[in-house]
Amino acid sequence: MILGLGWILVFGTFMFYQAHLGDLITHNEELPDGWDSDGASGVAAMLFGWLISLIYTLPWLAIYAFIFSIKRWRQNT
């Protein structure tokens, strides 16, 4: 569930950013610096959005596992 929702959020963020750039171009407004040098960020968001969410989740899962192990240890003693 974390991977699926994380991928949707990462890819959705990319899509909304691209839509924002399209709106700026449509209204002839100034584009932000570096808008044309993002490389393959769309491909990375599409293929590795799940990995980005997993990397951000791992520290929280480690903290949860540590607290859970302490709780189990205290119940056994």
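Contact means that heavy atoms lie within 4.5 Å. The model shown is predicted, so local features need pLDDT of at least 70, side-chain atom pairs count only at pLDDT 80 or more, and totals for chains, interfaces and linings use all residues. Residues are numbered from 1 along each chain as its sequence is written, and side-chain values use heavy atoms, without hydrogens and water.

View 1. Serine 53 sits in helix H2, residues 41–76 (helices are DSSP runs of H or I with at least four residues, strands are runs of E with at least two, and both are numbered from the N terminus). Serine 53 counts as buried because its relative accessibility is 10% (buried is under 20% relative accessible area, exposed over 50%, partly exposed in between, with a 1.4 Å probe and protein chains only). Apart from neighbours within four places in sequence, serine 53 touches Ile2, Leu3, Gly6 and Trp7. A polar atom of the serine 53 side chain lies 2.8 Å from the backbone oxygen of tryptophan 50.

**View 2. Valine 43.** Valine 43 also belongs to helix H2. Its relative accessibility is 48%, so valine 43 counts as partly exposed.

**View 3. The whole protein.** The protein has 2 helices and 0 strands. Its C-alpha trace spans about 70 × 20 × 20 Å along the principal axes. Of the 77 residues, 14% are buried. Among contacts with a separation of 6 or more, 68% join residues 24 or more positions apart.

How values were computed
A polar contact is a pair of N or O atoms within 3.5 Å; within protein, one must be able to donate a hydrogen and the other to accept it, and residues adjacent in sequence count only if both atoms are side-chain atoms.
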